[in-house]
Structures are given as C-alpha cells and as structure tokens.
Amino acid sequence: WLQRSASIAIPIFHGRFFTPLPYRIPINIIIGDPIVLPTKPADQSQWPTTDALDQVHANYIAALKDLHRKYAPPGRQLEII
C-alpha cells in the first residue's frame, strides 16, 4: 500500500543486517613471482613481435600452473581456457 500511496518503490535488502552490505565470505589471494618481460629494441616499429608475445604468454601460463600446483586444494583441477 505504501508504493501506491507514496509513488515510491521501497527496496527489500537482503544482506548483512538486512542492508545492501554483502555477506562476508573468505577470499584467498596468492601473489606469485613477477614475470620478466623482454626489453624493447631500438627499432620499435615491429614491437612487440609475435615470438615475444608467445614467450611471455608461455611464461605466464607456466607461472599460473606452478601457483596452482603449490596452493590449490587436492583434487581441484586447473582449467585454462
């Protein structure tokens, strides 16, 4: 009846203390070693090259797999799309 008489919609909150605050859930954050990038050559007209990008991508994927191997719970599979 309030919406019809006052012409305002009253939101119904569902969170902590019936507010829009989200419920607390644990979040695990793992930071790995930095990935070394190749330096730029003097002639930057063709930079970055496809080979350089492929190498950095391979290093990144290897670092992700290493972090997953070290810290993932047993039985959890890593899926890289």
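Author: A helix here is a DSSP run of H or I with at least four residues, and helices are numbered from the N terminus. The model is a predicted one. The part to look at is helix 2, which covers residues 50-71.

Within helix 2, R69 and D66 are three residues apart, which means that about one helical turn separates them. R69 and D66 form a salt bridge, with 2.4 Å between the closest N and O atoms. The cut-off for such a pair is 4 Å, from a side-chain nitrogen of Lys or Arg to a carboxyl oxygen of Asp or Glu. In general, side chains of opposite charge can pair when their charged atoms come close.

Through shared partners, the salt bridges join D66, R69 and K70 into one network. The count of salt bridges comes to two.

K70, with a relative accessible area of 48%, is partly exposed. D66 is also partly exposed, with a relative accessible area of 29%.

I35 is found in the loop between helix 1 and helix 2. Leaving aside residues up to four places away in sequence, I35 touches N59 and Y60. I35 is partly exposed, its relative accessible area being 30%. In the other direction along the chain, I35 and I12 are 23 residues apart, and their C-alpha atoms are separated by 46 Å.

L37 is placed in the loop between helix 1 and helix 2. L37 and V56 are 19 residues apart in sequence, with 6.7 Å from C-alpha to C-alpha. L37 counts as exposed, at 55% relative accessibility.

The loop between helix 1 (2-6) and helix 2 (50-71) also holds I25. I25 has 63% relative accessibility and so counts as exposed. Together, I25, I27, I29 and I31 make a nonpolar surface patch of about 540 Å².

As for the chain around these parts, its secondary structure comes to two helices and zero strands. The radius of gyration of the protein chain is 25 Å, whereas a compact globule of 81 residues would have one near 12 Å. The C-alpha trace spans about 70 × 40 × 20 Å along its principal axes. Buried residues make up 4% of the 81 residues. Among contacts between residues at least 6 apart in sequence, 16% join residues at least 24 apart. The accessible surface comes to about 8,100 Å², and 60% of that surface belongs to carbon and sulfur atoms.

Definitions and conventions: Residues are numbered from 1 along each chain as its sequence is written. This is a predicted model: local features need pLDDT of at least 70, side-chain atom pairs count only at pLDDT 80 or more; totals for chains, interfaces and linings use all residues. Side-chain values use heavy atoms; hydrogens and water are left out. Patches are made of residues with over 30% relative accessible area and no salt bridge: like charges are joined within 9 Å, nonpolar side chains (Val, Leu, Ile, Met, Phe, Trp, Tyr) within 5 Å. Accessible areas come from the Shrake-Rupley method with a 1.4 Å probe; for residues, only the protein chains shown count as cover. Buried means under 20% relative accessible area, exposed over 50%, partly exposed in between (1.4 Å probe, protein chains only). The radius of gyration is taken over C-alpha atoms; the globule rule is 2.2 Å times the number of residues to the power 0.38. Contact means heavy atoms within 4.5 Å.
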